Structure formats: C-alpha cells, structure tokens
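Subject: A structure for you to explore

Hi,

Here is the structure I promised to pass on. Have a look at it first, and then read my notes below.

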4 protein chains.
Amino acid sequence: MRTKDKLVSLFMKFPGIGSRQAERFVYFLLRTHPTFIEELVVNLQNLKSTMIKCESCHSYFEGVSNYCATCSDKNADSSLLMIVAKDIDMEAVKKASLYEGKYFVLGGLLSLRNTDESEPYLHSLSSLVEKRAREEGLKEIIIALSANPEGDHTGDEIRRYLIPLSKKHGFTITTLGRGLSTGTELEYSDADTIKAAMENRR
Amino acid sequence: MRTKDKLVSLFMKFPGIGSRQAERFVYFLLRTHPTFIEELVVNLQNLKSTMIKCESCHSYFEGVSNYCATCSDKNADSSLLMIVAKDIDMEAVKKASLYEGKYFVLGGLLSLRNTDESEPYLHSLSSLVEKRAREEGLKEIIIALSANPEGDHTGDEIRRYLIPLSKKHGFTITTLGRGLSTGTELEYSDADTIKAAMENRR
Amino acid sequence: MRTKDKLVSLFMKFPGIGSRQAERFVYFLLRTHPTFIEELVVNLQNLKSTMIKCESCHSYFEGVSNYCATCSDKNADSSLLMIVAKDIDMEAVKKASLYEGKYFVLGGLLSLRNTDESEPYLHSLSSLVEKRAREEGLKEIIIALSANPEGDHTGDEIRRYLIPLSKKHGFTITTLGRGLSTGTELEYSDADTIKAAMENRR
Amino acid sequence: MRTKDKLVSLFMKFPGIGSRQAERFVYFLLRTHPTFIEELVVNLQNLKSTMIKCESCHSYFEGVSNYCATCSDKNADSSLLMIVAKDIDMEAVKKASLYEGKYFVLGGLLSLRNTDESEPYLHSLSSLVEKRAREEGLKEIIIALSANPEGDHTGDEIRRYLIPLSKKHGFTITTLGRGLSTGTELEYSDADTIKAAMENRR
C-alpha cells in the first residue's frame with residue numbers, strides 16, 4: 001500500500017477517527033513544519049519506553065520503577081481493589097477524591113475488544129488477587145465498569161472468575177451502584193435505572 | 001396584537017417551541033383542512049372538563065370520579081407515597097412496573113416555575129401526608145425528582161417541609177438513589193455520580 | 001378516542017412534533033392558567049377569518065381586502081412572477097430586499113404532500129399566469145423552490161405545465177441559480193453543486 | 001515536558017482534536033500491539049519523502065517526478081487555472097468530473113492560518129501565472145474557495161494581487177458561482193444566497 005493510504009488506514013484505527021478525518025490528518029502533516037513530524041516520531045518512539053505498565057495494577061505511568069505511584073503508596077488502603085477498564089477511568093475515579101484503595105486496569109472490556117488477550121488479563125488479575133488476599137488482607141473487590149452491555153458482560157465474567165477466590169479468602173465482590181446519574185431526568189430514564197434508583201433510595 | 005402574532009406568541013409558550021416553529025405552526029394551521037382547527041378547538045375546550053385533577057395525588061386523568069385509578073386502587077400499597085414533578089414522570093415509573101405504592105404529582109419543580117403556586121402545592125402535599133399517616137399507615141415518602149439542580153432544590157424544600165410530620169408520625173423520607181444510570185460511561189462521570197455509585201455499590 | 005389521546009394525535013400533525021412532545025403539550029395545557037386555553041381557542045377560531053388567502057397569489061395576510069399588499073401594490077413589477085412553496089419562503093425573499101416583482105404561493109411541494117390538491121393549485125396558477133400574460137405584460141416566471149428532490153420534482157412539473165403558455169405568450173421560465181451557498185465548504189460539496197458553481201462562475 | 005504530555009499536545013494540533021481525544025490517542029497507542037507504533041513511525045518518516053509537493057501546482061502526490069499527474073497531463077486544458085485552498089478541495093472538484101483544466105493549491109486560506117507563509121504562496125502563484133500566461137495561453141483563473149468569510153477574504157486578496165497580471169496578459173479572473181447548494185431550503189437561506197440565486201437564475 002502507498003504511504004499516504006497506509007497512514008490513512010493507521011489513523012482510522014485511532015479511537016473515533018473515520019476515513020475523512022484520517023485523510024485530513026495526512027494532509028495536515030504534509031503541510032506542517034518539518035520539525036513537527038520529527039517531534040511526533042521521537043515522542044512516539046519514546047512512548048513505550050517512558051510509559052511503563054505497572055507490574056501490579058497494569059496502569060501506565062511515567063517513571064523508572066516497576067510499580068505506579070498508587071501501588072507503591074504505603075498509605076493506600078490495600079484491603080480494597082477497584083477493577084476499571086481503562087487508565088482514563090482510573091483517572092476519573094482519582095479526580096473524584098473519595099476512593100483510597102488500589103486499582104487494576106483491564107485495558108479494555110472483555111470479548112468485544114482484545115478477545116485473545118482477555119485470558120492473560122484475567123490470569124494476571126487472579127494472580128494479583130491471590131497475592132493481595134494472602135499478603136495484604138484484601139477485603140473487597142469493586143467492579144467499576146461502564147453501565148452498558150459490554151461493561152455488564154465483562155463484570156459478569158470477572159465476577160464468575162473471582163468467586164472461587166472470594167470464597168477461599170473471604171473477601172467480597174461488589175459492583176458500582178446504579179441509579180440516577182447527575183443530569184438524568186426521570187421522564188427519560190429506562191426501567192433498569194428507575195429500578196436501581198428505587199432499590200438504592202435512602 | 002394581530003391574530004397571527006398572538007397565536008405565534010401563544011405557541012412560543014409551549015414547551016420546546018421557538019419563534020420559527022411557532023410561525024410554522026400558524027402557517028400549517030392556515031393550510032390545513034377547515035375541520036382540523038375545529039377539531040383542535042373542540043378538544044382544547046373539552047380538555048379541562050374531561051381531564052380531571054385527582055383530588056388526592058394531583059395527577060390528571062380522564063374520568064368522572066374525584067380520584068384517579070391509582071388512588072382508588074384498594075390493592076395499591078398505601079404505606080408508600082412517591083413524590084414526582086410531572087405526570088409524565090409518574091408514567092415513566094409506572095412503565096418500569098416495580099413500584100406499587102401511591103403518588104403525588106407536584107406539577108413542576110419548586111421555585112423555578114410556578115413560584116407563586118409552590119405554597120399551595122406544599123400545603124396540599126402536607127394535608128395529604130397528614131391524612132395518609134393517620135388513616136392509612138404511611139411508612140415511607142420517596143422523593144423521586146430529576147438529578148439536576150432544580151430537582152435537588154425542590155427535594156430539599158420538600159424534605160425540610162415534611163420532616164416535622166415524619167417525626168410526629170414515624171414515617172421515613174427517602175430520595176431516589178444516585179449512581180451510574182444505564183449507558184453512563186465511567187470516564188465521563190462527574191465526581192458526585194462516582195461518589196454515589198461507590199456508596200451504593202453492592 | 002379520548003380527549004387527551006385525540007389532542008395528542010392532533011398535535012402530532014403539527015410540523016416537527018412527535019408523540020412525546022405532543023404529550024408534553026397536553027400536560028402543559030392542563031397545568032396552564034385556565035385563561036391560556038381560552039386565549040388559544042379564541043385566536044384559533046379567529047385565525048381563518050382574519051388571515052385571508054390572497055385571491056391572486058394565494059399567500060395569507062391579515063386584512064379585509066381580497067388581495068395582499070404585494071398583489072395590490074401598483075409599484076410592484078408585474079412583469080415578474082416568483083413561484084414559492086410556502087408563505088415563509090416568500091417572507092425570506094422579501095427580507096432579502098432585492099426582488100420587486102409578484103409572487104405565487106403553492107402551499108406546499110407537489111405530489112409529496114397534498115397530492116389531491118396539486119391539480120387545483122396548478123389550475124389556479126395557470127389561470128393567474130394567463131391573466132398576467134394578457135393584461136400585465138408578464139415577461140418572466142421564476143421558479144424559486146428548495147434545492148432538494150421534492151423541490152426539483154415540483155419545479156419540473158410546473159415548468160412542464162407552463163411551457164405551452166410561455167410559448168403562446170412569449171414569457172420565459174427561469175429557476176433559481178445553484179452554486180455555493182453562504183457557509184458551504186468546497187470540500188463537502190457534492191458534484192451537482194460544484195458543477196452549478198462552475199457554470200455560474202463570474 | 002513529559003513524553004505523554006508532549007504527545008497529547010502534538011495530537012491536539014491535529015485538525016479537530018481536543019485534549020480529551022488527544023489523551024485517548026495516547027492510551028490507545030500504549031495498548032496497541034508494539035508493531036502498530038513501529039508502522040506508524042515508519043510511515044510518518046516516509047511521508048514527506050514519498051509525498052512530493054508538485055513544483056507547479058503545490059499539490060501533494062506520491063511519485064518520483066517533479067510534477068503531479070494533472071500538471072504533467074498533456075491533455076489537461078492549460079488555458080484554465082483553478083485556485084483551491086486545500087488538496088482535499090482539489091480532490092472534490094476532480095470527483096465531480098467536469099473540470100479539465102489545471103490547479104493551484106494554496107495550502108490554506110490566507111491571513112487566518114499561515115500568515116507568514118502567505119507572501120511566498122502568492123509569490124509562487126504569481127510566478128506560475130506569469131509563466132502560464134506567456135507560454136501556455138492562460139485564458140481564465142477560477143478562484144474556487146469556500147463560501148465563508150475566510151474564503152471571501154482570501155479570494156479578494158488573490159484577485160487584487162493578480163489583476164495587474166490579468167490586464168497585462170489578457171486573461172480573466174472568475175469566482176465560483178453562489179446560489180442554492182444541494183439541500184438548501186429557501187426558508188433558511190440568507191440574503192446573500194438568495195441574491196446570488198436570483199442573479200444566477202436561468
């Protein structure tokens with residue numbers, strides 16, 4: 001394939017990018033100052049060497065250690081482990097400043113993306129959970145996935161996978177609560193949301 | 001004001017209608033078959049005589065009795081009273097088929113619309129609550145308003161207004177639970193929603 | 001049908017109104033001050049008596065004469081006749097302040113709406129054109145319809161219908177020019193628009 | 001700046017990309033297969049060596065010659081020169097299959113982007129025009145820019161810049177015609193569009 005078409009096809013794999021915008025990217029790059037592409041290339045080449053995947057929680061961070069700041073933090077509550085799909089989800093929870101436990105980043109939702117990689121992820125998760133349960137007094141795993149079919153499916157799989165461990169070690173497995181989210185109008189809510197909001201009323 | 005301009009200004013008071021669409025309504029009516037306006041007029045004239053406001057819950061219904069079907073229903077659970085803003089909210093809850101108690105329709109959110117009418121509404125609500133508590137064993141009032149600033153403000157006002165009655169009669173006051181609603185992605189959730197979802201995890 | 005459902009079905013015939021908004025209209029009306037519906041009814045009843053359809057151009061206007069202001073205007077250029085689909089189109093052209101001729105309002109686009117009424121409209125148009133050609137020196141008919149399939153189809157029908165008269169009386173038939181309209185970006189233009197813009201370059 | 005933040009800031013310069021999407025790009029890249037970034041880097045590095053800017057029309061093309069296919073085409077009509085803002089605009093015109101002349105790609109609209117580079121572009125344009133007029137019988141320059149303020153401004157500047165040459169060599173300068181573009185409704189058209197559509201009626 002020709003360089004231009006190849007670049008268009010690579011940009012089309014970026015999240016949210018269609019063929020038209022991918023083509024605009026290429027023409028944009030052609031017209032940028034020559035140093036722009038050089039800078040882009042250098043930083044792309046450095047990306048995977050400077051952003052390290054934490055051996056424990058699988059989040060990406062910039063540093064030289066094997067473990068990210070949260071996993072290295074002695075003050076973090078290691079009796080809690082929150083499972084999220086993406087690094088950005090973890091950042092959203094951190095911004096809310098209410099959770100002080102540990103994390104595990106799946107790197108995607110199971111079986112819709114990365115089907116082949118789902119097994120290794122679950123395997124890593126289960127090793128981590130086993131270790132945490134034995135050595136750090138794990139009390140609760142919080143499944144914190146998006147409230148959509150993929151998130152529900154992934155959550156079910158994880159729960160099924162972890163139940164034997166939870167029985168063996170005596171920790172609980174919870175899922176984020178459903179209900180009205182900020183901005184939701186009752187009139188436009190579906191039955192599942194109303195049901196959850198009823199059950200979680202207080 | 002001229003008839004056309006007057007009609008445009010009346011249609012502009014309809015929910016969600018701007019000047020352009022209001023004008024299109026008028027031209028649409030001018031070009032409709034003569035019987036269309038006649039039918040519209042007859043049904044508008046009949047509306048308030050055929051749609052009765054339930055003396056108990058303030059919802060509108062078509063009938064000859066003083067009380068709507070739900071308020072007349074001997075099987076409905078009169079220990080529960082759900083407060084909603086609009087008739088359409090009540091219909092959304094009924095569609096979810098999970099709540100079998102009674103309702104009270106505020107007719108709008110307090111203090112942003114119908115400021116002048118808020119007092120009478122609260123007064124009616126408080127009479128109803130008093131009666132339900134004495135005669136029908138009211139155990140819980142569920143405040144079921146939209147998860148936005150107006151809904152929160154109205155809920156706070158109602159709660160403040162009903163607390164003395166709740167202490168006197170021993171019923172509880174709850175609010176619909178917050179959390180992730182169907183379709184919500186964690187990445188885009190605000191801190192309040194994440195906090196509620198954490199608190200309501202199970 | 002019950003009054004509420006009947007009103008919902010009538011509002012659903014208004015341009016751009018779906019079932020949900022139609023229902024909101026009804027609840028809005030139920031909760032409005034009683035005088036609101038009275039005002040609405042009075043003005044609806046007066047609409048067709050105060051808004052008169054001009055006997056000549058078929059536009060609607062408020063008045064007591066048989067002819068609208070433009071048709072009565074001795075200074076308007078009666079050698080030009082512009083055919084538009086809707087009253088609102090005529091107003092858009094008037095706002096542009098560049099055309100000083102006469103109008104004819106079709107009342108819709110042919111054959112997609114008002115199929116049954118298309119014949120009478122074309123008949124009225126042809127009588128008007130005949131009269132204008134004989135008595136007022138008609139030189140040009142400008143077909144001014146929207147640039148979409150319905151507009152094109154209607155324009156074709158009108159042109160076909162008027163060609164014999166144009167030959168008999170010696171007037172021309174033109175159509176509004178195509179090209180880039182304000183805000184159009186070349187990148188997103190279709191072949192027809194680019195073709196027209198090329199042909200109309202100056 | 002750290003690699004991740006630097007990459008986010010570079011992606012934010014891509015057309016239509018905000019901070020949130022730029023960040024998603026980085027996390028997407030971190031999770032892709034290692035070969036993806038390698039492929040991206042190789043193709044980015046090759047881009048400017050394989051995509052050549054045509055010495056004549058300034059469009060980008062993949063090849064080894066100094067001139068693009070259109071500029072090298074002996075059958076193209078060299079009496080016509082169309083000035084467009086972007087490579088993608090040229091492709092849109094080519095897709096419409098109606099123009100068989102030559103092109104010149106500005107590489108952007110003047111004075112809003114690339115202010116500093118506008119002079120050289122106009123200089124190149126004027127050299128090309130001079131050469132075409134002397135050697136290839138240039139008869140018409142077609143200014144084919146978007147119908148918005150930036151396009152109008154750029155067109156005015158180019159026209160002003162080329163008028164002396166047009167007088168000296170006897171070619172004409174035209175601009176793409178305005179009017180209703182495909183899909184435009186008369187009701188929503190502005191006065192400029194209606195005026196142009198009236199002037200270009202046929």
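Helix α7 (residues 149-169) of chain A lies across β3 (77-84), β5 and β6 of chain A, and its direction is at about 165 degrees to that of β6(A). Axes here are lines fitted to C-alpha atoms, for helices over the stretch in contact (heavy atoms within 4.5 Å), and angles run from 0 to 180 degrees between N-to-C directions. Helices (H or I, at least four residues) and strands (E, at least two) are DSSP runs, numbered from the N terminus.

This is a predicted model, where local features need pLDDT of at least 70 and side-chain atom pairs count only at pLDDT 80 or more, while totals for chains, interfaces and linings use all residues. Residues are numbered from 1 along each chain as its sequence is written, chains are lettered from A and ligands numbered from 1 in the order in which they are written, and side-chain values use heavy atoms, leaving out hydrogens and water.

Now the sheet: in chain A, 4 strands make an open sheet ordered β4-β3-β5-β6, with parallel pairing (two strands pair if DSSP finds at least two bridges between them). β4 (101-105) and β6 (172-175) of chain A each have a single partner strand, so one side of each has no neighbour in the sheet. Strand β5 (residues 140-143) of chain A pairs with β6(A) over 4 bridges, and A:Glu140 stands opposite A:Thr172 in β6(A).

Finally, what about the copies? 100% of the interface residues of chain D are also interface residues in chain C, so the copies meet through the same surface.

Enjoy exploring!
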